[in-house]
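Morning, everyone. I have one structure to walk through today. Please look at it on the screen while I talk.

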Amino acid sequence: MAVEKLVIVGSGPAGLTAAIYAARANLHPLCIEGYNAGGLIPGGQLMFTTEVENYPGFPQGIQGPELMKALRDQAERFGTRFIRDDVSAVDFSRRPFTVQTPDTTVQAHAVIVATGARANWLDLENEQRLAKSGGGVSACAVCDGALPVFRNQEVAVVGGGDSAIEEGSYLTKFAKKVLLIHRRDQLRASKAMQERFFRLVKEGKMEAVWDSVVVDVLGDKTITGLRLKNVKTGAARDLACKGLFLAIGHTPNTELFKSVLAMDDKGYLVLTKAGSTYASVEGVFAAGDVADHVYRQAVTAAGTGCMSALDAERWLAAQGIE
Ligand code: NAP
């Protein structure tokens, strides 16, 4: 079996930027771009986004899928090869490393892990049932919010961070009102996002439900409401709504690397050399949200993707592989 110089696992901004740099460095990278692991698709989280307004170089903004297509085309133009599948197993215990998909086994001198992170759920039985059956429960407002079932209805968003405000304000384009359910009485969201939220509240488009957690999702075929518990008083009440959108953070896609690569208590990969993308196994590098629970931006993912390709290129050269 031919040994690849560099395999990149993942195809979000981190994986594709790594691919662009590695391809231009003549490493002829193979990118395993994923299929549907972790609920993601090739291109990663930005494929579920509409307007990206903060990626440098696009003064008028750009649609998430359009940006990802441009990154992929750029990586392909310089010779990146792609496999559209999920990685099912890795063996990093000896070199060359082995990376397996259900259909292919690949050997590689170096690997960049850029598998990203996925949305969290409350893990309530009815939440999961209705999410799977298309009953009005979703973890992605920009994917599902425009569906006719939500139009001119009251819908709820759970969370108090930037995502909750962003998703909530997106939903105000379609819904009659968006109820923001937060477990505290202060938002975690940035100042700019808080301003956006309170402006929408003033306009009657959003409303805060403070100090509350969702303990059950009501409805048989489609959601009819939520059972809430006030965390301060313990009181329960039912709130009518026709949609539920979760925006309660993310979990890194690192299940594959358990007992293989060092990770923190939340599952994010640990980098072992300050200011680098070195993961805990020599020859393996980590880029993007899979190793970043702080910044989690497309541009920071792209930045660490670039770093990982440069790190891999230098490491490979030191092994005599160019
Ligand atoms: P986040 O900042 O971690 O916020 C998650 C929110 O969900 C918090 O308010 C948290 O409550 C709440 N939460 C977590 N688990 C919960 C549970 N089990 N039940 C109820 N509530 C729960 O996540 P995020 O909003 O997805 O943002 C992630 C990162 O992306 C941040 O760095 C953010 O700045 C960035 N981001 C930026 C933009 C933008 O600038 N346009 C947009 C989206 C995201 P507590 O506050 O009580 O912990």
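Let's start at the ligand. A polar side-chain atom of Arg183 sits 3.0 Å from a ligand oxygen. Keep in mind that this is a predicted model. Now the area. On its own, the ligand exposes 920 Å², and the protein buries 76% of that.

Asp162 has a side-chain N or O atom 2.5 Å from an oxygen of the ligand. Glu166 puts a polar side-chain atom 3.0 Å from a ligand nitrogen.

Step back to the whole shell. There are 19 residues around the ligand. Which of them come nearest? They are Gly160, Asp162, Ser163, Arg184 and Arg188. Helix 5, residues 162-171, gives the largest share of the shell, with 3 residues.

Next, domains. The assignment gives domain 1, residues 3-118 plus 250-318, and domain 2, residues 121-246. Domain 1 is therefore written as two segments, because its bounds are listed that way in the domain assignment. The C-alpha centres of domain 1 and domain 2 are 32 Å apart. Where does the ligand shell draw its residues from, domain 1 or domain 2? From both: each supplies at least three residues.

Now the aromatics. The whole structure has 9 aromatic pairs. Take Phe197 and Phe198. Their ring centres are 5.0 Å apart, with 65° between the planes, and the pair is edge-to-face. Is Phe197 buried or exposed? Phe197 is buried, because its relative accessible area is 0% and the cut-off is under 20%. Phe198 comes out at 42%, so Phe198 counts as partly exposed.

Phe197 has another ring partner, Trp210. Here the centres are 6.5 Å apart and the planes stand at 75°. Why is this pair edge-to-face? Because the angle is over 60 degrees, which is the cut-off for that class. The pair links distant parts of the chain, 13 residues apart. Phe197 is in helix 6, residues 191-202. Trp210 is in the loop between strand 13 (206-209) and strand 14 (212-218). Trp210 is partly exposed, at 28% relative accessible area.

One last item. Ring pairs also link Phe92, Phe97 and Phe257 into a cluster.

That's my tour. Over to you.

Terms used. Residues numbered from 1 in each chain as written. Predicted model: local features only at pLDDT ≥ 70, side-chain atom pairs only at ≥ 80, totals over all residues. Heavy atoms only, no water. Near = heavy atom within 4 Å. Polar contact = N/O pair within 3.5 Å; in protein donor to acceptor, adjacent residues only side chain to side chain. Areas by Shrake-Rupley, 256 points an atom, 1.4 Å probe, with all protein chains shown as cover. Helix = DSSP H or I, 4+ residues; strand = E, 2+ residues; numbered from the N terminus. Phe/Tyr/Trp six-rings, centres within 6.5 Å; stacked < 30°, edge-to-face > 60°. Buried < 20%, exposed > 50% of the residue type's maximum accessible area, 1.4 Å probe, protein only.
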